Amino acid sequence: MERTPLLTSYKMGNYQLSHRVVLAPLTRCRSYGNIPQPHAVLYYSQRTTDGGLLISEAAGVSETAQGYPETPGIWTKKHVEAWKPIVQAVHDKGGIFFCQIWHAGRVSTYDYQPKGKAPISCTDKGCTPGLNGVDWSAPDRLSIDEITQVIDDFRLAARNAIEAGFDGVEIHGAHGYLLDQFMKDTVNDRTDDYGGTLEKRCRFVLEIVEGVVEEIGADKVGIRLSPFADYMESGDSNPEALGLFMAESLNKFGILYLHVVEPRMVTEEDQKDTPYNSLTMRNVFKGTFISAGGYTKVDGNKVIGEGHADLVAFGRLFLANPDLPKRFAIDAPLNKYNRDTFYTPDPIVGYTDYPSLDQGN
């Protein structure tokens, strides 16, 4: 392999990575009935390299966690058993596999909730109806007792992920979902111990981290944050302060990695110029730092080469190029991704039919 920065080895805690190209967590909407399916075995194994790190699509921590069709869960024994062959396929090729665990919070509708109940959040303010073409349902504001239950749900999900064979978990604290809703002051309007000041808004997330660490060990825990982003109407008036506070606070738990969505990805679709950067978080956090946000090979090499990140997560490029590290190594052309098939439920089209180099283009 060409020894560009992205293709150098890296020691992440107990894991020896052969390169720094990470499969980003990507919702694919192909887990029928919230159960991971056999076609995911091929999908993930196609994107596995010996010593490569993969992060799974987001898996719900409870019945109330869902917000999109056909997304997987990790809260029952049935989920655990369904994930096992998928994880085994990755391990059989020498990959390291983390399970992203999440709760959508108010980014949901009655249709995805048990018994047609309202979604849950830090607030009773819903996303604007019609945003992204969906009539989001108004959420119920979580009580203190209910917050404790959600923390327990994350603990159970982490334990189940390890039972399924995953090497660890990534807590989803980004992109406008439940944890992000608590942290961001444009959403969190609470006046109790989980709202108001920056410290109180972040309390819920840090209690989840603490619980998951107690459950499976800090060396198996990562978290994804997007303090600069404004996904699903979840922005913050001082994103730099939020990011810095979280990076500093996470150090006391000794978690394995911090995965940050770059400020340029303010929205889900296109990169934008912003006055912010994540370097202050990188300089403060003591574990492995993963950067994500529309990277190419060129700027991925640059961010590693300049020491601004340890690893780089690739989403759309890795989706369309199952052998992305190999293509980077030999400077091969890349398949183009088809946005129209990102979330279709087809088990093949837009999922496992992107060709690798040995299949031809």
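Lysine 84 comes out as partly exposed, at 29% relative accessibility, where buried means under 20% relative accessible area, exposed over 50% and partly exposed in between (1.4 Å probe, protein chains only). The model is a predicted one, so local features need pLDDT of at least 70 and side-chain atom pairs count only at pLDDT 80 or more, while totals for chains, interfaces and linings use all residues. Residues are numbered from 1 along each chain as its sequence is written, and side-chain values use heavy atoms, with hydrogens and water left out.

The partner of lysine 84 is glutamate 81: the two form a salt bridge whose closest N and O atoms are 2.9 Å apart. A salt bridge here is a side-chain nitrogen of Lys or Arg within 4 Å of a carboxyl oxygen of Asp or Glu. Glutamate 81 is partly exposed too, with 44% relative accessibility. Both residues belong to helix α2 (residues 77-92), and because they sit three residues apart there, about one helical turn separates them. Helices (H or I, at least four residues) and strands (E, at least two) are DSSP runs, numbered from the N terminus.

In total, the structure holds 17 salt bridges. Side chains of opposite charge can pair when their charged atoms come close. Another of these contacts joins arginine 141 to aspartate 189, at 2.9 Å from N to O. This pair links distant parts of the chain, with arginine 141 in strand β8 (residues 140-141) and aspartate 189 in the loop between α4 (178-183) and α5 (198-216), 48 residues apart. Arginine 141 has a relative accessible area of 33%, which makes it partly exposed, and aspartate 189, at 31%, also counts as partly exposed.

Arginine 203 and aspartate 193 meet in a salt bridge as well, at 3.5 Å from N to O. Arginine 203 lies in helix α5 and aspartate 193 in the loop between α4 and α5, so this contact ties together parts that are 10 residues apart in sequence. Relative accessibility is 31% for arginine 203, which is partly exposed, and 42% for aspartate 193, likewise partly exposed. Elsewhere, Arg155, Arg159, Glu214 and Glu215 are linked in a network of salt bridges.

Next come the aromatic residues. The structure holds 15 aromatic pairs. In one of them, the rings of tyrosine 68 and tyrosine 177 have their centres 6.2 Å apart and their planes at 85°, so the pair is edge-to-face. Rings of Phe, Tyr and Trp (its six-membered ring) pair if their centres lie within 6.5 Å; planes under 30 degrees apart count as stacked, over 60 as edge-to-face and the rest as tilted. Tyrosine 68 sits in the loop between β5 (59-60) and α2, and tyrosine 177 in the loop between β9 (168-173) and α4, so the contact ties together parts 109 residues apart in sequence. Tyrosine 68 is partly exposed, with a relative accessible area of 21%, whereas tyrosine 177 is buried at 9% relative accessibility.

For phenylalanine 97 and phenylalanine 166, the ring centres are 4.8 Å apart and the planes stand at 55°, so this pair is tilted. Phenylalanine 97 lies in strand β6 (residues 96-102) and phenylalanine 166 in the loop between α3 (144-163) and β9, so the pair ties together parts that are 69 residues apart in sequence. Both phenylalanine 97 and phenylalanine 166 are buried. They belong to one aromatic cluster, together with Tyr43, Tyr44, Trp83 and Tyr351.

Strand β13 (residues 311-314) is buried at each position: Leu311 and Ala313 point one way, Val312 and Phe314 the other. Three bridges join β13 to strand β3 (residues 21-23), and these two run parallel; strands pair if DSSP finds at least two bridges between them. Valine 22 stands opposite alanine 313 of β13. Strand β12 (residues 288-292) is also joined to β13 by three bridges, again in parallel, and serine 291 has valine 312 of β13 as its bridge partner. From β12 the chain crosses through helix α8 (residues 297-305) to β13, in a right-handed β-α-β crossover. Right-handed means that, with the strands pointing away from the viewer, the path from the first strand over the helix to the second runs clockwise.

As for cysteines, the structure holds zero disulfides, a disulfide being a pair of cysteine sulfur atoms within 2.5 Å. The sulfur of cysteine 127 has its closest cysteine sulfur 11 Å away, in cysteine 122, too far for a bond. Cysteine 127 is buried, with a relative accessible area of 3%. For cysteine 202, the closest cysteine sulfur is in cysteine 122 too, at 12 Å, again too far for a bond. Cysteine 202 is buried, at 0% relative accessibility.
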